[in-house]
Amino acid sequence: MANTQALWYFESVNLYNILCPHKTKDMDKKHEFRAFKRDQIIYRPEEPSQYIYMVAEGRVKIGHYLDDGKEVVKAILTKGEIFGELALAGEEKRTDFAQAMDGETTICPMSIDDLKALMWEDKELSFRLLKLVGLRLMRMERKLELLVFKDARTRIVEFLRDAASWKGKKVGFETMIPTKLTHKDIAALTGTSRQTVTTILNELKEKNLIYFDRKKILIRDLEKLA
């Protein structure tokens, strides 16, 4: 493990510098990272909600199953992002599943009591965790709206715009989204097919609205992306 993984941190909401080493030093002695293989289940629906988790390495898929058994993907999380946070809000049993997506996926678990102790000591941490939960609820509402009212092309374009807002980095007039998402992943997140995603992304690329490869998506001009 890299030394930075000895700390409990959350890159996506800028909490790395808030959790000072002396606050986690004692916890580190009893802390264990958990390794998962590709497609291995981290937790299933109806399991007790005992931990909050952080992705230390690899990717994790969060989703649920419809009554007919169909899988619905809610999120694909990468290094530094947390999941299972509804346990903080009183969730007693999981309603979703969490599944490792990469061959070397490493998860950092923290018990509810340990995290509550940190939150009690650090009000800024409490605020940022609350913000994280709020942002995720907003994203879910946005996704439901797109799935119900928008066509496939609009859903994919809006996914790119939302990803740019959530994780994008400005590079001059362009916006770079670092991502390992495959076309299949984007299809699962937008309720479309892999073929549809490939067709629409290639169309946007031909119009010089975006550029993409296996590690990033580059949006030329967000205002023109439509």
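So, the second largest pocket here has a volume of about 530 Å³. By pocket I mean, on a 1 Å grid over the protein atoms alone, an open set of points where a 1.4 Å probe fits, with protein on both sides within 12 Å along at least five of seven lines; lining residues have an atom within 4 Å of a point. The volume is the space filled by probe spheres set on those points, joined across faces, edges and corners.

It's lined by 24 residues, and closest to the centre are Lys61, Glu71, Val73, Lys184 and Ala188. This is a predicted model, where local features need pLDDT of at least 70 and side-chain atom pairs pLDDT 80 or more, while totals for chains, interfaces and linings use all residues. Numbering runs from 1 along each chain as its sequence is written, and side-chain values use heavy atoms, without hydrogens or water.

Which elements give two or more residues to the lining? Those are β5 (71–77), β7 (97–100), α3 (123–149) and α5 (183–190), as DSSP runs numbered from the N terminus: helices H or I, at least four residues, strands E, at least two. α5 gives the most, with five.

Now the sheet: it's open, four strands, ordered β2-β7-β4-β5, with antiparallel pairing; strands pair if DSSP finds at least two bridges between them. β2 (41–43) and β5 are the edges, each with a single partner strand, so one side of each has no neighbour in the sheet. Between β4 (60–65) and β7 there are four bridges, and glycine 63 has phenylalanine 97 in β7 as its bridge partner.
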